[in-house]
Amino acid sequence: MRRFFLIAVPYVWLLALFLIPFFIVFKISLSDLALSIPPYTPTMKDGIGQMIKAFDFENFVFLTTDDLYWKAYLSSLKIALFSTVLALLVGYPMAYGMARAPEEWRPTLMMLVILPFWTSFLIRVYAWVGILSNEGFLNQFLLWTGVISTPLAIMNTTTAVYIGIVYTYLPFMILPIYAALDRLDESLIEAAQDLGCSRTKAFWLVTVPLSRSGIIAGCFLVFIPALGEFVIPSLLGGSGTLMIGKVLFEEFFNNRDWPVASAVAVILLLILIVPIILFQRNQQRQAEAET
Amino acid sequence: MSQKIFAPWDDPNEKPLIRFENVTKKFGDFTAIDDLTLNIYEKEFFALLGPSGCGKTTMMRMLAGFENPTSGKMELAGKNIAGTPPNKRAVNMMFQSYALFPHLSVWENIAFGLKRGSMDKRAIAARVEEMLKLTRLTKFAGRKPHQISGGQRQRVALARSLAKAPKLLLLDEPLGALDKKLRQDTQFELMDIQESTGTTFVIVTHDQEEAMTVASRVAVMDEGRIIQVATPDGIYEAPNSVYVADFIGDVNIIEGTAKPAGDGVYFLDWTENEPPFLATSDVPFSDGQKAHLAIRPEKISITTEKPDDAKNTVQGTVLDIAYLGNLSTYYVQLADGRIIKAQTANTRRLSRRSITWEDKVWVSWNATAGVLLEQ
Amino acid sequence: MRRASWFNVTALTLGFAFLYLPMVLLVIYSFNSSKLVTVWAGFSTKWYGELLQNEAFLDAAVITLKVAVASSTLATILGTMAAYVLVRGGRFLGRTLFSGMIYAPLVMPEVITGLSLLLLFIGIGLDRGVLTIVLAHTTFSMCYVSVVVSSRLVSFDRSLEEAALDLGCSPFDAFRLVTLPIIAPAVISGWLLAFTLSLDDLVIASFTTGPSSTTLPIKIWSAVRLGVSPEINALSTIMIGIVTVGVISASLVSKRNAVKAQQDMQAAERGAT
């Protein structure tokens, strides 16, 4: 009885507040826009049979005809992919440096990486507004050093979005790579050198392949949330940056087109399924390798 | 019928493969290797033996190129190698942890070093096959390191480090991770491989039995210095110090003062109420000089009656008996409280043994049975 | 022997500068007396004063804290239950679905979670307000709690529970008296995680909030959309300050506990010999 209760409470909670809402999103994505409250038809009131009959893929067809959505999906993928690569390029050397740091330093370095996690995401993104804007710190600094004579327009461009994503998701990249590098047995590197590798060669032939699972995990942990990101493109990307999270938000709140917003969400979810499954598989393989 | 004994170290014309000359290695304030001079010859199986922290691993890592000496000269085949990085040395190492690359198969692990050179693919494959055959691993070529047993991993590590046919192979506690039975078999296998490949082996170990079994010469180290370098029997029968005598095998050490008693023979006064012991020594002792008599338990006889022929006899009581199956060690307490260990082979069944606890017994040995040591 | 090479030192220095410089600038310029946030015009704490006068921010802060405390507490209870079911529950109908529902919200884009919950609340006619935000926050943060707690439960020696049962505990007592005290650190960090997630959330709260219940992130959001404002800098500094003090003291406490545990162990060993 007690066991039933233990299982049932979280189970029912998740069913009611996680799974069922999804079906509602899916259902509404098949409905039509209406000038009523709620702003879509058919609703439950029309009867199940009537409701199912009225379902169509009109909204999805609409998404393919209006190239705004196409472009938003593609540009989200491009931005997420490119920022993941950038985060890897910044994060790997940091994780490597941490794993190679003296033992007594590592807990402190670890804390320094984790600390931003606990700080407000919104504030961390906001901090870049003051840096990247036309009269921001970066432009002031560059003008002062004489590198440039007119301010760079970084704010409200894709570049600002890249910086924002790399900045906020960097800890997600560093931590799994650091975990993999920390497990790496130093004597493997020595063995590679002993067998004729230079330091660089040993790094590419031994260190990189053995931290592969960490690299993959880190990349997905950046890529997946970056794809549906809303705050960063809205705050730093300006009106010129198209990202699907932003489109969804605006479709919902500004246009009040719930069926299309739901259709956008369904497609975003479909796009995310592949990386999520790949990520899961990587985690599973890693867990198996450890036992 | 003159089979030449392998002893290049006795031949003054022989050029050593490795020469350490006044090598010192410091880590900060800590001196790991202290002014060490040593020659190792081609085809030797050389063992560095000592407790942990004695500097044996540092020496090996210097040979491999992972550490550089703070001062002194290190030569390999007549060339100074101090400062040469590990990947540019004709030296390979078998790591204590084996350090097999977990992402590569057995075959790829063995081929790893070969691929770093300019060897063509077919030659690499042939060499890998040869190494697989030598270490009886042909069947496991496609497996990953975590799919084979500990003993097989050890052989992969050996095959990998031998594949490049190094001038010198370093083995860091190569058998430490194996259980006792497997270790003994593997010792002989190592010796066979060393002999058939003609490679010079330097092995680091803290297991004196292992060093004695495999090595042509053993260097006993302590606190960054080499205390003695000699053949295994030399180390055992003629240790040059109490430290070496005590480190290798079981030994009784009797302290006393020496008194010359003619040609290489000395008396050792060790207690007041008993006659002095008689011992021979190659090293001269002056009258009244402090000396230690080191004598192995198996060279001491134990009898119920006082023997007539032995030079040194003393009476005591059996305090304890350690039965080891093939051997028994008797702990005999002398009148002054000192304990002497005497070992006998158990050629008879236990029930027939004549000596038991609390028995009054005589322990005895010859003048040549022990060695007289200064320190 | 690990040595710091110049490459590693450079990578770490630049990396941490990248991570911390923006926040440091934010903190410094919160003490700027000028309204122009990027021009230094002298030290002043006037923006902190104005912030404390701003009723709208204070109200939003109170609502946010209420939501965070309620949702993180609920999420901790539900998440711990879920973790226990996942690790110790054995087999039951729909186990795969259950674990899927635990892990999916972790990778779900916030816009989708927010949208779906909003549609649910409208569908069942629940008025949007504090309650709906709490429900929404509880749902996604219970999954984080359950991941944190279950990773501790997995490494937990089951024979301890079995010993408790063997000594006459009921399963519930065994959980209460043995399991819970041992996994307590994980439960506490789960609560803290849920708490910060709730404090931090903008997107899901925007979807599930009503007109009467504006949380702090929503308030900040509408302010920062208009550009940099010194009041927000002051507010950010306060929030960064609280988190920094919290994280550093937590790590000091855990370090001290570790040192103490080691000393106790050494003392015990000395006593034993």
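These legends describe close-up views of a predicted model.

**View 1. Chain B as a whole.**
Chain B holds eight helices and 20 strands. Along the principal axes, its C-alpha atoms fill a box of roughly 80 × 50 × 50 Å. Of its 375 residues, 49% count as buried. Take the contacts in chain B between residues at least 6 apart in sequence: 66% of them join residues at least 24 apart.

**View 2. Helix α5 of chain B, residues 180-197.**
How far apart are the end C-alpha atoms of this helix? They are 26 Å apart.

**View 3. The buried side of α5(B).**
The buried residues of α5(B) are B:Arg183, B:Thr186, B:Gln187, B:Leu190, B:Ile193 and B:Gln194. Their arc around the axis is only 140 degrees, which puts them on the same side of α5(B). An α-helix has 3.6 residues a turn, so residues three or four places apart point the same way. Several elements of chain B cover these buried residues. Among them are the strands β3 (45-49), β7 (168-172) and β8 (200-205). The helices α3 (121-134), α4 (150-162) and α6 (208-214) also take part in the cover.

**View 4. The other face of α5(B), and what comes after the helix.**
Turned away from the buried side is a face with exposed residues. It carries B:Lys181, B:Asp192, B:Glu195 and B:Ser196. B:Gly198 follows α5(B). The phi of B:Gly198 is positive, near 70 degrees.

**View 5. Where chain A meets chain C: helix α6(A) and helix α1(C).**
From α6(A), the residues in contact are A:Ile123, A:Arg124, A:Tyr126, A:Ala127, A:Trp128 and A:Ile131. From α1(C), they are C:Phe18, C:Pro22, C:Met23, C:Leu25 and C:Leu26. Which classes of residue make up this contact? It has 10 nonpolar residues, no polar ones and one charged residue.

B:Asn22 has a phi near 45 degrees, a positive value in a residue other than glycine. B:Asn22 sits in strand β1 of chain B, residues 18-27. It is partly exposed, with a relative accessible area of 37%. B:Ala77 is not a glycine, yet its phi is positive, about 50 degrees. B:Ala77 belongs to the loop between β4 (71-76) and β5 (79-80) of chain B. With a relative accessibility of 37%, B:Ala77 counts as partly exposed.

**View 6. Helix α13 of chain A, residues 244-253.**
Is this helix mostly covered or mostly open? It is mostly covered, with eight of its 10 residues buried. The buried residues include A:Ile244, A:Val247, A:Leu248, A:Phe249 and A:Phe252. A:Gly245, A:Lys246 and A:Glu251 are buried too.

**View 7. C:Ser71 in helix α3 of chain C.**
C:Ser71 lies in helix α3 of chain C, residues 55-88. Its relative accessibility is 0%, so C:Ser71 counts as buried. Residues up to four places away in sequence are left out of its contacts here. Beyond these, C:Ser71 touches C:Val134, C:His137, C:Thr138 and C:Ser198.

**View 8. A:Ile215 in helix α11 of chain A.**
A:Ile215 lies in helix α11 of chain A, residues 212-227. A:Ile215 is buried, and its relative accessible area is 15%. Leaving aside neighbours within four places in sequence, A:Ile215 is in contact with A:Leu88, A:Tyr92, A:Ile177 and A:Val208. A:Tyr92 is 123 residues from A:Ile215 in sequence. Their C-alpha atoms are 8.1 Å apart in space.

**View 9. B:Glu67 in a loop of chain B.**
B:Glu67 is in the loop between α1 (56-64) and β4 of chain B. Is B:Glu67 buried or exposed? It is buried, with a relative accessible area of 6%. B:Glu67 and B:Ala291 are 224 residues apart in sequence. In space, C-alpha to C-alpha, B:Glu67 and B:Ala291 are 40 Å apart.

Technical notes
Residues numbered from 1 in each chain as written. Chains lettered and ligands numbered in written order. Predicted model: local features only at pLDDT ≥ 70, side-chain atom pairs only at ≥ 80, totals over all residues. Heavy atoms only, no water. Helix = DSSP H or I, 4+ residues; strand = E, 2+ residues; numbered from the N terminus. Expected span 1.5 Å × (residues − 1). Buried < 20%, exposed > 50% of the residue type's maximum accessible area, 1.4 Å probe, protein only. Arc of directions from axis to C-beta. Contact = heavy atoms within 4.5 Å. Nonpolar A, V, L, I, M, F, W, Y, C, P; charged D, E, K, R; others polar.
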